[in-house]
Amino acid sequence: MASVTSLSASLQQRVSTALTAAVPSVEGADPLLRRSDRADFQANGVLGLAKRVKANPRELAASVVEALPADDALIAEVEVSGPGFLNITVADTAITANLAARADDPRLGVPTAANPGITVIDYAQPNVAKEMHVGHLRSSVIGDALAKILEFDGERVIRRHHIGDWGTNFGMLVQYLIEHPHELDHARDDRDGDSGEASMSRLDHLYKSSRALFDSDEGFKDRARRRVVDLQAGDPQTLALWQQIVDESKIYFYSVYDKLDIRIADEDIVGESGYNDMLAETCDLLEKSGVAVRSNGALCVFFDDVKGKDGEPVPLIVRKADGGFGYAATDLSAVRNRTGDLHADTLLYVVDVRQALHFKMVFETARRAGWLTDEVTVRHIPFGTLLGKDGKPFKTRAGESVKLEDLLDEAVERATTVVREKGEKIGLTDDEITANGVQVGIGAVKYADLSTSLGRDYVFDLDRMVSLNGDTSVYIQYAYARTRSIFRKATTDQKPAPHPELALAPAERALGLHLDAFADTLAEIATAYEPHRLASYLFQLASLFTTFYEQCPVLTADGGAAQVENRLFLCDLTARTLHQGLDLLGIRTPERL
């Protein structure tokens, strides 16, 4: 089905046409239309236009009103206020008719991109043989939401999980496995042998044992260092054991991401090792083109605007003086692969804000080398730090990073307590309470992250996050569950149906206008890459629905069967919009809560 033009877009077009009619010498004047608490919308563009043509703004505003179609079914009233603002009220009929068109479309009237491209999004980057901690949460959650939103917009999205699967530590781990070949064996009688917890236990024991031996035994240390050389040279035995460590880590990664309700596909995991064959060529191309130069034995790229505290230039080191490749070589090779082989026209990197300078230098280097052209958009999507209630980085009491699984388990436990308290009153079974506790707990963690604007830190407070009140996912999930409850209570002859002929109560109008803005909101997010805007939209929708629920009886409406049907129609469209919006954020919607 064709997309539905929003009321805002229709008004924008009409007022722009009226502005041109009032001042023919100026074409395409922007009405500067926005939502207003004085009317449905306010157009502020007259003031700027009046200044440009040296006209009286109130007189010009009156001329614009006269130029609007007299018999327009969209506009109920236009008032000139203040120095020349236009306060515009939309007709009730137009609101319901537009919502009816959205309800007829499985996509709720949301269009797909006219010219979709290929976006590679780099997110969820855990390290092999290491336990995931809270620092891995934000990239995973933000990246997953952006990928879902862009795919819904029609974009072809290629996910890339740039895991840490290469480096000197692997010489130590592989050498220990050679000398202790059964270290990663799965116990035959262990029914949880392939579980993430069991895998992490084996990896943790391998790492601690090999590290202890590395620190205490000079002979083992020498053998481990030689094993790094074997690994980099592609020795078959060394590579096979390295792959065993990677595969064991993936079992663990998948278990954590399953708990987080994020899908990670094996073909999307392309770690640091995936670009090994390109590193030397990348360095050669940079040196031959003059983009990179040798400095104190290292291959470096310099920038006029990047200097240290001493005023000396801080370079991007592509290859170290000892011949080893730095992170920059891997990241630049990834850019080459993603633009040259995957033909991406957009590259997104969902990485900690503290890496901003690194990516600035990588992107600039890639531009100089010609690997990033004007046809390619590249963005670092930064995120801030997870803080404890004391305002410091979130740590355990012992000062260690909080394990991600522990955090998720605690969130589910807290949420289940809240769900049980409400659920027992409405007759939820233990299985329903358990399932809802998982959906509410994981949703709470995701929403707290996604409702925070990019680059900002936020305080991790589970008590607030699982609250039924305030800006939380639980509040939104509860609004959805309330819509389903209304339909369970409806009689067989009470069905949702739009009635454009009916006048709307203020709470109905507010809810309807916000529902109509869903497509515009998603369009903004797809270009700005800011998922917190969707979180904000959904919270406001849940709040407006709550007001509607409190002020407008649905099944007992005193306006007769038509009003019951129209209000059920609003409930149904609200439910579908909440469900679709939360799904794009990776959050489930329990039917009963």
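A residue counts as buried when its relative accessible area is under 20%, as exposed when that area is over 50%, and as partly exposed in between, using a 1.4 Å probe and protein chains only. Lys 259, with a relative accessibility of 29%, is therefore partly exposed. The structure is a predicted model, in which local features need pLDDT of at least 70 and side-chain atom pairs count only at pLDDT 80 or more, while totals for chains, interfaces and linings use all residues. Residues are numbered from 1 along each chain as its sequence is written, and side-chain values use heavy atoms, with hydrogens and water left out.

**Salt bridges**

- A salt bridge is a side-chain nitrogen of Lys or Arg within 4 Å of a carboxyl oxygen of Asp or Glu, and by this rule the structure has 37 salt bridges.
- Asp 409 and Lys 259 form one of them, with N to O at 3.0 Å; because Asp 409 lies in helix H13 (residues 404–423) and Lys 259 in helix H9 (residues 236–259), the pair ties together parts that are 150 residues apart in sequence.
- Lys 208 and Asp 204 form another, at 3.1 Å from N to O, and these two residues are four apart in helix H7 (residues 196–216), which means that about one helical turn separates them.
- Within that pair, Lys 208 is exposed at 54%, whereas Asp 204 is partly exposed at 28%.
- Asp 463 forms a salt bridge with Lys 389, the closest N and O atoms being 3.7 Å apart, and here Asp 463 is partly exposed at 46%, while Lys 389 is exposed at 61%.
- Through salt bridges that share partners, Lys 389, Glu 410, Arg 414, Asp 461 and Asp 463 are joined into one network.

**Cysteines**

- The structure holds zero disulfides, a disulfide being a pair of cysteine sulfur atoms within 2.5 Å.
- The cysteine sulfur closest to that of Cys 552 belongs to Cys 571 and is 9.6 Å away, so the distance is too far for a bond.
- Cys 552 is buried, with a relative accessible area of 2%, and Cys 571 is also buried, at 0%.

**Helices at the salt bridges**

- Helices, such as H7 (residues 196–216), are DSSP runs of H or I with at least four residues, and strands are runs of E with at least two, numbered from the N terminus.
- Asp 463 lies in helix H15 (residues 462–465), whereas Lys 389 lies in the loop between strand E12 (386–387) and H13, so that this pair links parts of the chain 74 residues apart.
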